[in-house]
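I opened my notebook to look a few things up. Here is what I wanted to check, entry by entry.

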Amino acid sequence: MGSGVDKSVLRRLPKIDLHLHLDGSVRPQTLLELAEAEGLTLPAADVDRLLPFMRVEGDCPSLVDYLSKFDLVLPAMQTAYSLERIAYEVVEQAAEHNCKYIEVRMGARLHLQKGLSLDEVIESFVTGLSRGEATYGVKARGIIICMRNHAPQDNLEVIEAAARFMERGVVAVDLAGPEDGYPPELHQEVFDLAKKHGLPFTIHAGEAAGADSIYGAVVKLGTNRIGHGVRLKEDRDLLERVRAERIPLEFCPISNIQTKASTNWETYPIREYFDQGLLITVNTDNLTVSDTNMTKELAVLTDHFQFTLPEMEQIMLNSVEAAFLEKEEKRQLHEEIVKSFAELL
Ligand SMILES: O=c1[nH]cnc2c1ncn2[C@H]1C[C@H](O)[C@@H](CO)O1
Ligand SMILES: [Zn+2]
């Protein structure tokens, strides 16, 4: 059951992806080539047989199981060359789905295993993004992730490093990783430091833990956006606050079902939240791990939730509002989205 939107139109719609992890979006062919060049062992030697190890097959029992997929790629993401290349290729993949703007995120400390410094890691990442932007015309910015299972002391260093790149493509910081057992408050000091530097932030919350985690992110830490936030409806007062303050929710529908943030499409609250006036955005999370792209995410909106084209335009304009960009850049992006939709409708 859909809303009658022609699938070929979906691919051509102008899109924005605000929640996209670098290490979850490595092309299998690229992993094969990097592993070969660096003498790393992989469980398979061709794309078809490697893919099942890189992506979730069907649903996962939990977020922790989903996160285990990242162990395979991280050893091949420890050099300046590999980070730059993978960042470039993420922009390339976004261009294939007519994305106009993307925010790509990466956990800088996960890439120190072969001796790179935090600054070298971030430098390679933003260089790849800007080279991708120059080649494909997709505006691409970086978000640096603090891991919730890392010590706050280590995350303070990540914030300091991210702040040094604020003029070179880093627009925000994030908190990701296993949610259950690692409440946002553990990293209060870390995000206070981000605020001191004028670095906005988003926090993964309400994916594998409930409304308490979102409460910590919103009320205690003062987050600018919420990564996922699917379980917000468990606390009506908090939901009302998030709505009134126009705090954006970065929904990633395909990933959200895989990690069991919602058990199935019937209970997935995207239509309900959108209709209640929450600032819903739609994103991919992990292109390879979730086997997704922005066209597939929009197809979910039409197939399961009867979103119309004007409603999808509203979702993209929500993303413009939520973007970590300057006012004038947002104005231009807004204009571009409205113009492209007008041409297609
Ligand atoms: O959906 C997610 N929730 C929480 N953490 C995540 C998600 N997708 C990826 N990550 C983690 C695993 C990666 O290694 C890390 C940096 O991208 O962020
Ligand atoms: Zn995420």
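This is a predicted model: local features need pLDDT of at least 70, side-chain atom pairs count only at pLDDT 80 or more; totals for chains, interfaces and linings use all residues.

How many of the 7 residues of S4 are buried? I counted 6, and S4 is mostly covered.

**Entry 1**

Next I looked at how the strands are arranged. I found an open sheet of 8 strands with parallel pairing. I wrote down the order as S1-S2-S3-S4-S5-S6-S7-S8. S1 and strand S8 (280–282) stand at the edges. Each has a single partner strand, so one side of each has no neighbour in the sheet. From one strand to the next, the twist averages 25°.

Then I looked up helix H5, residues 80–95. H5 packs on the sheet and touches S1, strand S2 (99–106) and strand S3 (139–147). The direction of H5 makes about 145° with that of S2.

I reminded myself what holds such strands together. Strands of a sheet pair through backbone hydrogen bonds, either parallel or antiparallel.

**Entry 1: two strand pairs**

How many bridges join S3 to S4? I found 6, and the two strands run parallel. In this pair, Gly 142 stands opposite Val 170 in S4.

I then turned to strand S5 (residues 201–205) and strand S6 (residues 225–228). They pair in the parallel sense over 4 bridges. Here Thr 202 stands opposite Arg 225 in S6.

**Entry 2: around the ligand**

Which residues come nearest to ligand 1? Of the 17 residues around it, they are His 21, Phe 70, Gly 107, Ala 176 and His 204. I sorted the shell by class: 7 nonpolar, 7 polar and 3 charged residues.

I also checked the record. The unreviewed UniProt entry places the feature "binding site" at His 21, Asp 23 and Gly 177. These residues are spread over 157 residues of sequence, yet they cluster in space. The largest C-alpha distance is 12.4 Å.

I took two of the recorded positions in turn. Asp 23 lies in the loop between strand S1 (15–21) and helix H2 (28–38). Is Asp 23 buried or exposed? Asp 23 has 24 other C-beta atoms within 10 Å, so I put it down as buried. I left aside neighbours within four places in sequence and listed its contacts. They are Phe 70, Val 73, Leu 74, Met 77, Met 106 and Leu 110.

Gly 177 lies in the loop between strand S4 (170–176) and helix H8 (188–196). Gly 177 has 19 other C-beta atoms within 10 Å. A residue needs 20 or more to be buried, so Gly 177 counts as partly exposed. Not counting residues up to four places away in sequence, Gly 177 touches Met 147, Arg 148, Asn 149 and Tyr 182.

**Entry 3: Leu 287**

Where does Leu 287 lie? I found it in the loop between S8 and helix H13 (294–305). Leu 287 counts as buried because it has 25 C-beta neighbours inside 10 Å. Leu 287 and Asp 23 are 264 residues apart along the chain, but their C-alpha atoms are separated by 9.4 Å. Not counting residues up to four places away in sequence, Leu 287 touches Gly 24, Ser 25, Gln 93, Thr 292 and Asn 293.

**Entry 4: Glu 335**

I looked at a residue in helix H15 (residues 327–344), namely Glu 335. Why does Glu 335 count as exposed? Glu 335 has 11 C-beta neighbours inside 10 Å, and 12 or fewer makes a residue exposed. Glu 335 and Leu 83 are 252 residues apart in sequence and 32 Å apart in space, C-alpha to C-alpha.

**Entry 5: positive phi**

Last, I checked two backbone angles. His 228 is not a glycine, yet its phi is positive, about 80°. His 228 has its place in strand S6. His 228 is buried, with 28 other C-beta atoms within 10 Å.

Arg 246 also has a positive phi, near 50°, and is a residue other than glycine. Arg 246 sits in the loop between helix H10 (236–244) and strand S7 (249–251). With 12 C-beta neighbours inside 10 Å, Arg 246 counts as exposed.

Methods:
Residues are numbered from 1 along each chain as its sequence is written. Chains are lettered from A and ligands numbered from 1 in the order in which they are written. A residue is near a molecule or strand if its C-beta atom, placed from the backbone, lies within 6 Å of it. Ala, Val, Leu, Ile, Met, Phe, Trp, Tyr, Cys and Pro count as nonpolar, Asp, Glu, Lys and Arg as charged, and the others, Gly among them, as polar. UniProt positions are given in the numbering used here, feature names are shortened, and annotations may be inferred rather than shown by experiment. Two residues are in contact if their C-beta atoms, placed from the backbone, lie within 7 Å. Two strands pair if DSSP finds at least two bridges between them. Axes are lines fitted to C-alpha atoms, for helices over the stretch in contact, and angles run from 0 to 180 degrees between N-to-C directions.
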